[in-house]
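Visitor: Please show me the model, and I will ask about what can be read from it.

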Amino acid sequence: MFEVDGNQINKFHTTRVAIVNKFKNEKLREDINQKHVPLGPVKCISEKTTSGKNFFNLIDA
């Protein structure tokens, strides 16, 4: 756990969720599996949900 803007965040859980959500993208999976387009580079950023919770998201670097 670590603190972001006064909130305790579980880095491992939120990073795992970001990775899983990224791979749910059908176009991304098609590019990697069928067209053999390499994945990356990406960076992990901290964002907020509409309810105000902090989470990590992967975006293109």
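Visitor: What is the volume of the largest pocket?
Guide: The model shown here is predicted. In this model, the volume of the largest pocket comes to about 150 Å³.

Visitor: Which helix gives the largest share of the lining of the largest pocket?
Guide: The lining consists of K22, N25, L28, D31, I32, V37, P38, L39, G40, P41 and D60. By type, these lining residues divide into six nonpolar, two polar and three charged. Three residues of the lining, the largest share, come from helix α2 (residues 26–33).

Visitor: In what order do the elements of the chain run?
Guide: The chain contains two helices and four strands. Read from the N terminus on, their order is β-β-α-α-β-β.

Visitor: Is D31 buried or exposed?
Guide: D31 is among the residues that line the largest pocket. A residue counts as buried under 20% relative accessible area. D31 has a relative accessible area of 17%, so the residue is buried.

Visitor: How far apart are the closest N and O atoms of K27 and D31?
Guide: Both residues lie in helix α2, four residues apart, which is about one turn of the helix. K27 and D31 form a salt bridge, and their closest N and O atoms are separated by 3.1 Å.

Visitor: Which residues do the salt bridges that share partners join into one network?
Guide: The whole structure holds three salt bridges. Besides the pair K27 and D31, the side chains of K35 and D31 meet at 3.5 Å, N to O, and those of E30 and K35 at 3.8 Å, N to O. Through shared partners, these salt bridges make one network of K27, E30, D31 and K35.

Visitor: How does E30 count in terms of relative accessibility?
Guide: The partly exposed class lies between the buried limit of 20% and the exposed limit of 50%. E30 has 33% relative accessibility, and therefore counts as partly exposed.

Visitor: How far apart in space are G40 and D60, C-alpha to C-alpha?
Guide: G40 and D60 are both among the lining residues of the largest pocket. G40 is in the loop between α2 and β3 (42–48), and is partly exposed because its relative accessible area is 46%. In sequence G40 and D60 are 20 residues apart, while in space their C-alpha atoms are separated by 6.8 Å.

Visitor: How much accessible area do the residues of the nonpolar patch on the surface have together?
Guide: The patch is formed by I19, F23, L39 and V42. One of them, I19, belongs to helix α1 (residues 11–23); its relative accessibility is 36%, so I19 counts as partly exposed. Together the four patch residues have an accessible area of about 320 Å².

Visitor: What percentage of the residues of the chain count as buried?
Guide: The chain has 61 residues. D31, at 17% relative accessible area, is one that is buried. Over the chain, the share that counts as buried is 15%.

Key
Residues are numbered from 1 along each chain as its sequence is written. This is a predicted model: local features need pLDDT of at least 70, side-chain atom pairs count only at pLDDT 80 or more; totals for chains, interfaces and linings use all residues. Side-chain values use heavy atoms; hydrogens and water are left out. Patches are made of residues with over 30% relative accessible area and no salt bridge: like charges are joined within 9 Å, nonpolar side chains (Val, Leu, Ile, Met, Phe, Trp, Tyr) within 5 Å. Accessible areas come from the Shrake-Rupley method with a 1.4 Å probe; for residues, only the protein chains shown count as cover. Buried means under 20% relative accessible area, exposed over 50%, partly exposed in between (1.4 Å probe, protein chains only). On a 1 Å grid over the protein atoms alone, a cavity is a set of points where a 1.4 Å probe fits but cannot get out, and a pocket is an open set with protein on both sides within 12 Å along at least five of seven lines; lining residues have an atom within 4 Å of a point. Grid points are joined across faces, edges and corners, and a volume is the space filled by probe spheres set on the points. Ala, Val, Leu, Ile, Met, Phe, Trp, Tyr, Cys and Pro count as nonpolar, Asp, Glu, Lys and Arg as charged, and the others, Gly among them, as polar.
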